[in-house]
Amino acid sequence: MTPIDLILEGVGRRFTTPGGALDALKDVRLGIPWGTMTAVVGRSGCGKTTLLRLIAGLDSPTTGTIRFASRHGGELDRDHVRFGMVFQEPRLMPWLSVEGNVAFPLVGRFGRAEISRRVDGALEMTGLTDFRSAMPHQISGGMAQRVALGRALAYDPDVVLMDEPFASLDYFTRRVMQREVLRIRQRTGKTFILVTHDIDEALAMGDSVVVLRDGEVAGTFHVPHLLDDSIHAELSQIKREILMSIGEV
Amino acid sequence: MYNGFMNRAKGDQIGYENYDPDPRRATSGSPVLWGPGAVIAGALLALWWIGSRMGLWTSYILPSPSAVGAAFLDLVYSGRLREHLLSSLTRIGMGFTMSSAVALPAGILMGLRPRLRRAISPLLEFMRHVPPLALLPLLILWFGIGEGSKLAVIALASFFPAFINAMEGVMGCDRSLVEVGHAFGLSEREIIGRIVLPYSLPYVLAGLRLALGYSWRSLIGAELLAASSGLGYMIQDAQAMSRPDVALVGIFVIGLVGIASDGLFRVITSSLLVGRRWGDDAH
């Protein structure tokens, strides 16, 4: 894993629709430091997923650049940065077992022993060791999302990108998964970017919260991790400011 | 970039939620209900036997079950049935293999290359609607009365089911799974080999199964018109010799061999798709 800071400079994405041009993102300027969890929030259609897709390289910006600055010095080409993507839906290969899905990004890149080591590690980290032989249709939605997370982690990415990964889960499973991701993040020290529409989730998980509004960055908030009771008042204040940025207050 | 599905109408894709890798459903229709099926077959046989005994029709129109049974035994002991059956099966094996060897790569290629598909589809649509037997006179002129024309009929008949299913399987590949491949940096070749082809496998196998049935039907047609061996020829010869009992033996053998070959194909495809869906229990 290479320590990388992500730098977005004037990133924009314009889509051509039958109704005319649509700017999904406009002049986004962001710095995402290595080893942090950045939550991106905003209303539906504000450009959250587009931003994530641009960072992942699944789409290209119309304007601006995304740079990857190595902390060892210099900049890295996108091809040298590994991204682990967790989508809103698990998107598991239905013909592969849990183990096969976790190994999916590794096959053809590593030897059998290394794949086995990584898969064992990812399964252990996501609590799926006992279900390694199960097929996707045999496991619950929460477990399937854990498999998707395990698949991303087994890849040992430099950056983990999560696109509303808990949106389709029920309240209890979502809470469990949130705790699990925080635990994994602490254990691995990787950079996480979490797209969510849930401000409480963003505040609970993120080191910083980026608010998108109509394709533009409406605000960036540092989330304090205080250990005393003042955290509640502080978070309430930040939440109020985030809601104001979104235009809810 | 893989874009085989790009030209499909919105909502026309086979999504992940619709993916059904169950070989029992993907490669077969309704399972044969052997219990009720046997009762119906037994009832028909009884009616046939009673009607024959009561002289409701002449043996020339429909010989009795016992006469057909006797003809069957005669054909078995004389070795003629084995000879005709082997002849037909050899043609099927050769024609089906030849056809599949071309149809599968062509279908996959068309599924992956929409521009090529658009360019060739008018010709393919035209060919698809021409029954292979309608081409038989031309095929005889081109390949002679021997094996060539019959193999060509089988190949033509079985080509389109295998071709179209392979193409549809590739085109219907779930776009979100392809995106997973892109997200993990897989090359186009890897995406095709590790996502598109495995996804389309049940469709490909269903197409091959259909193709096998089509080739069997077309072979009998070709043998009825121009052959000196095979089950179709045996039936045609029986008609010329006024032997409806032999013709019925031929019809029964065709049906039974068809069921047997289909069952064998199902066993093979099930073993290929094994593990894709076992049990229905969710943890």
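1. Helices here are DSSP runs of H or I with at least four residues, strands are runs of E with at least two, and both are numbered from the N terminus. This is a predicted model, in which local features need pLDDT of at least 70, side-chain atom pairs count only at pLDDT 80 or more, and totals for chains, interfaces and linings use all residues. Residues are numbered from 1 along each chain as its sequence is written, and chains are lettered from A and ligands numbered from 1 in the order in which they are written.

2. Helix 4 of chain A covers residues 141-154 and has 14 residues. Its first and last C-alpha atoms are 20 Å apart, close to the expected 20 Å. That expected span is 1.5 Å times one less than the number of residues.

3. **Burial of helix 4.** Helix 4 of chain A is largely enclosed by the rest of the structure, because 12 of its 14 residues are buried. Buried means 20 or more other C-beta atoms within 10 Å of the residue's own; exposed means 12 or fewer; partly exposed lies in between; C-beta atoms are placed from the backbone. The buried set includes M143(A), R146(A) and R151(A). These buried residues pack against strand 6, helix 2 (98-103), helix 3 (112-125), strand 7 and helix 5 of chain A. Contact means C-beta atoms, placed from the backbone, within 7 Å.

4. **Strand 7 of chain A.** Five of the five residues in strand 7 (159-163) are buried. V159(A), L161(A) and D163(A) cover one side, V160(A) and M162(A) the other; all are buried.

5. **Neighbours of strand 7.** Strand 6 (residues 83-86) of chain A runs parallel to strand 7, joined by four bridges. Strands pair if DSSP finds at least two bridges between them. V86(A) stands opposite M162(A). Strand 8 (residues 191-195) of chain A is also parallel to strand 7, with five bridges. There, V195(A) is the bridge partner of D163(A).

6. **The open sheet.** Four strands of chain A form an open antiparallel sheet in the order 2-1-4-5. Its edges are strand 2 (20-32) and strand 5 (75-76), each pairing on one side only. Strand 1 (residues 4-17) and strand 4 (residues 63-70) of chain A are antiparallel over seven bridges. I4(A) stands opposite S70(A).

7. **Chain B.** L86(B) lies in helix 4 (residues 80-112) of chain B. L86(B) counts as exposed because it has 12 C-beta neighbours inside 10 Å.

Terms used. Two residues are in contact if their C-beta atoms, placed from the backbone, lie within 7 Å.
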